[in-house]
Amino acid sequence: MQNYKNLETIAVQSGYDPQNGQSRVPPIVQSTTYAYDDAQAMADLFDLKAVGHFYTRLSNPTVEFLEKKMAALEGGIGAMGTASGQSATSAVVMTLCNAGDHIVSTGTVYGGTSNLLGHSFEKLGIKTTFVDQTASEDEIFAAVQPNTKMIFAESLSNPSVKVLDFEKFSNVAKRAGIPFVVDNTFPTPFLCRPIDFGANIVVHSTSKYSDGHACALGGMVIDAGNFDFASSDKFPSFNTPDPTYHGLVYTKTFGNAAFIVKARTHVMRDFGMMMSPMNAWLTNMNLETLPLRMERHSQNAEKLAQFFSQHPNVDWVNYPSLPTSADRDLAKKYLKACSGVMTFGPKGGRQGAEKVMNKLKLAKIVTHVADTRTCVLHPASTTHRQLSDDEQRATGILPELIRVSVGIEHIDDIIADFSQALS
Ligand SMILES: *Cc1c(COP(=O)(O)O)cnc(C)c1O
């Protein structure tokens, strides 16, 4: 398979290379299992002595085409497809942490991630300390404990669209001697490549821009292959014999691919959060247009943000490239463009926001973000409705806050819809 440099070409060409007479489009291998002629061949696969597919809970050709493309897009050495973004993050935590371990995460992560780390893993004995991502390097480092096994952050946070200071977080991870894990769902590799800025592991909810059409759930774990597990004393399960594979030692057998192999052969094998071949096929197909879509999403969002910032019935707009944004310099440093999500506050508080939401026609009310169709969500009356106005403010959700995911329709039609709703 050829290695391409440019992301536009990788998005179209990488991951699948048809041989003479094979289908030009990657096939959907809708099969749980794979046939072999002799017993030893199958035994070698089970012992990880040979490479090949034998059961779709561990690997599948269609999922592998997508994994190879995502790894190439992010500049990683390997990737693993999962059933959803939530399971991608879960797989990373379960590969790196045991009961009694600890995680440092930014506080402004996706709500599902903050539940997963702050509640569900806490119940399993893995605790997370959430830090303010604008805190200084030393303040963030102070949250690291001897049992801390990873630092987690989002490159562009959902829904607050805060841009990550990669340098600061990667310095903390290096000082602590632990992997730096970045959720790159919102920018996608086309707008930001975390591995270029010090990330060791990248995760995605491919359900968002990677699929980009709101039709397939999925997640991805990408290994940069740049964390030295072999010389670390913090990850004994990477450096000591695994009894479930006849005493194999991951760092000895798989070198710098130890993490991604262990994630698959251990966590995926036992917890079974595999991406379905059909969803992998859809996501792979839709990734072909990722660069085109991300350009248009970003251009449209830029224009809509400017429209909001000049509108008399809008109190505030939050989009990283605006002159009023505190993250403008970080956005210039780390993002090719600022992607398609923003938040804004119409005048009139919660009632004002509800009025605007009800009048929108093109922009539908959905819980999803990051697909081709413009959509909105009002957290105060949906995802955060159980909280009082004061409690919502404390979690950063203002009563009037509307999250907009800007689609790839013509910008004039998008602005016309918000204009009539705000009038
Ligand atoms: C949606 C989302 C997730 C969770 O992904 P699912 O595919 O819905 O499980 C994780 N991180 C971010 C940033 C997200 O936007």
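Modeller: The side chain of threonine 56 makes a polar contact with the side chain of asparagine 60, at 3.4 Å. A polar contact is a pair of N or O atoms within 3.5 Å; within protein, one atom must be able to donate a hydrogen and the other to accept it, and residues adjacent in sequence count only if both atoms are side-chain atoms. This is a predicted model, in which local features need pLDDT of at least 70 and side-chain atom pairs count only at pLDDT 80 or more, while totals for chains, interfaces and linings use all residues. Residues are numbered from 1 along each chain as its sequence is written, and side-chain values use heavy atoms, with hydrogens and water left out.

Threonine 56 belongs to the loop that links helix 2 (39-46) to helix 3 (61-74). Helices (H or I, at least four residues) and strands (E, at least two) are DSSP runs, numbered from the N terminus. With a relative accessibility of 10%, threonine 56 counts as buried; the term means under 20% relative accessible area, whereas exposed means over 50% and partly exposed lies in between (1.4 Å probe, protein chains only).

A side-chain N or O atom of aspartate 183 is 2.7 Å from a nitrogen atom of the ligand. An oxygen atom of the ligand lies 2.8 Å from a polar side-chain atom of serine 205, and for serine 207 the distance from a polar side-chain atom to a ligand oxygen is 2.6 Å. Of the 380 Å² of accessible area that the ligand has on its own, the protein covers 93%; such areas come from the Shrake-Rupley method, with a 1.4 Å probe.

Serine 207 sits in the loop between strand 6 (201-205) and strand 7 (219-223), and it is buried at a relative accessible area of 6%. Although 161 residues separate serine 207 from histidine 368 in sequence, their C-alpha atoms are 9.0 Å apart in space.

Two strands pair if DSSP finds at least two bridges between them. Within this pair, glycine 78 stands opposite aspartate 223. Strand 1 is mostly covered, with 5 of its 5 residues buried: Gly78, Met80 and Thr82 form one face, and Ala79 and Gly81 the other.

Because 5 of its 5 residues are buried, strand 2 is largely enclosed by the rest of the structure. His102, Val104 and Thr106 lie on one side, and Ile103 and Ser105 on the other. Strand 2 runs parallel to strand 3 (residues 127-131), with 5 bridges between them, and threonine 106 stands opposite valine 131.

The loop between strand 4 and helix 7 (166-176) holds proline 159, which is joined to asparagine 158 by a cis peptide bond with omega of about 5 degrees. Valine 161 is found in that loop too; its phi is positive, near 40 degrees, and it is buried at 2% relative accessible area. Most residues other than glycine have a negative phi, and most peptide bonds are trans. Threonine 188, in helix 8 (residues 188-191), has a positive phi of about 65 degrees and is buried with a relative accessible area of 0%.

Finally, 5 strands form an open sheet of mixed pairing, in the order 8-9-12-11-10. Strand 8 (314-318) and strand 10 (364-365) stand at the edges with a single partner strand each, so one side of each has no neighbour in the sheet. Strand 10 pairs with strand 11 (residues 375-377) in the parallel sense over 2 bridges, and isoleucine 365 has valine 376 as its bridge partner in strand 11.
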